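Subject: Structure handover and notes

Dear colleague,

I am passing on the structure below, followed by notes on what was found in it. Please read the notes with the sequence and the coordinates open beside them.

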Amino acid sequence: TATATATSATAATVLCAQPVQLLEDLGWLWRLPTVSQRQWGRPRIRVQVVANNRGASLERLLSSLLAAEYWGDTVDLTMVLESGTSPAHQQVLQLAHMFAWPFGSKAIRRRVAPGGPVAAVLESWYPADPHHEYAVILEDDISVSPHWYSFAKFALLRYRYAADPEGGAFGGKVGCGRDTTAQACARLMGISLYSPRINELVAGYPTVNYNMAFGGGDYAHVPYLSPVPCSWGFVFFPEHWRALVQFAQPSVAGAATAA
């Protein structure tokens, strides 16, 4: 194994032992400031899978999650299943029971009454730790890259855990876009795992490519800030998710009552 080390302010050492054959995939680790590396074990990312009655696509998603690299972290999985008695719903339930998840605990939550996708997503997670628990929420019609967790972990450490206690917030070096203040990063709601290809806020849903808007070339694959959250795979930050649930609760509860 190869061992990456980072010395903390208290002289403790963070060890991140990884197989040598994965060193090429760890290039992102060296791009983190030392103060972020010290926080390696602090953020915890949960996987919340929201499924209805699509067994084949759910199996594809679960297979892609198994193929990802988690760097020795404990990643708990919860499957939130829609209510239903059809053969398709039973197939999904059987698949959930049979699925083995080796990276952490696995839990199954089955709704007692149909509530629709909006309620299913909003009810899929509520952070127990208001500061360091994160969740990626995945619907059953997508699949993830083998590097999704690496990107999510890098972005969290880079933009959430880079406050330098000696040099001030982010030390004037690490920030969000051109703004290097802690307040700027505090406005981040989460990390999108997908660059939108349609504009859901405009009638007709026109296609877009925000990466190419930066001129392409070396900028065609860089992360960027967007005021529009993406619903196809995202890591939400706990304080913003709590606020979103509180904001949406009256309307979701009203819809359920009307139904």
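Let me start with Ser57, which touches Asp140 and Asp141 when residues up to four places away in sequence are not counted, a contact being heavy atoms within 4.5 Å. The side chain of Ser57 also reaches the backbone oxygen of Asp140 at 2.9 Å; this falls under polar contacts, that is, pairs of N or O atoms within 3.5 Å, where within protein one atom must be able to donate a hydrogen and the other to accept it, and where residues adjacent in sequence count only if both atoms are side-chain atoms. Ser57 lies in helix 2 and counts as buried, because its relative accessibility is 14% (buried means under 20% relative accessible area, exposed over 50% and partly exposed in between, with a 1.4 Å probe and protein chains only).

Before going further, the conventions: this is a predicted model, in which local features need pLDDT of at least 70 and side-chain atom pairs count only at pLDDT 80 or more, while totals for chains, interfaces and linings use all residues. Residues are numbered from 1 along each chain as its sequence is written, and side-chain values use heavy atoms, with hydrogens and water left out.

Overall picture

The protein chain has seven helices and eight strands, taken as DSSP runs numbered from the N terminus (helices are H or I with at least four residues, strands are E with at least two). Of the 259 residues in the protein chain, 39% are buried. Among contacts with a separation of 6 or more, 72% are between residues 24 or more positions apart. The protein chain exposes about 14300 Å², of which carbon and sulfur atoms supply 56%; accessible areas come from the Shrake-Rupley method with a 1.4 Å probe, and for residues only the protein chains shown count as cover.

Asn52 sits in the loop between strand 3 and helix 2 and counts as partly exposed, because its relative accessibility is 30%. Leaving aside neighbours within four places in sequence, Asn52 is in contact with Glu82, His89, Val92 and Asp140, and a polar contact of 3.0 Å joins the side chains of Asn52 and His89.

Salt bridges

How many salt bridges does the count come to? The count comes to seven, a salt bridge being a side-chain nitrogen of Lys or Arg within 4 Å of a carboxyl oxygen of Asp or Glu. One of them joins Arg44 and Asp76, with the closest N and O atoms 3.7 Å apart. This pair links distant parts of the chain, since Arg44 is in strand 3 and Asp76 is in the loop between helix 2 and strand 4, 32 residues apart.

The side chains of Arg54 and Asp140 also meet in a salt bridge, at 2.5 Å from N to O. Here too distant parts of the chain are linked: Arg54 is in the loop between strand 3 and helix 2, and Asp140 is in the loop between strand 6 and helix 5, 86 residues apart. Arg54 is partly exposed, with 36% relative accessibility, whereas Asp140 is buried, with a relative accessible area of 1%.

Lys153 is in helix 5 (residues 148-160) and counts as buried, because its relative accessible area is 2%. A polar contact of 2.7 Å joins the side chains of Lys153 and Asp73. Not counting residues up to four places away in sequence, Lys153 touches Trp28, Trp40, Pro43, Ile45 and Asp73.

Trp71 has a positive phi of about 55° although it is not a glycine. Trp71 lies in the loop between helix 2 and strand 4 and counts as buried at 4% relative accessibility.

Best regards
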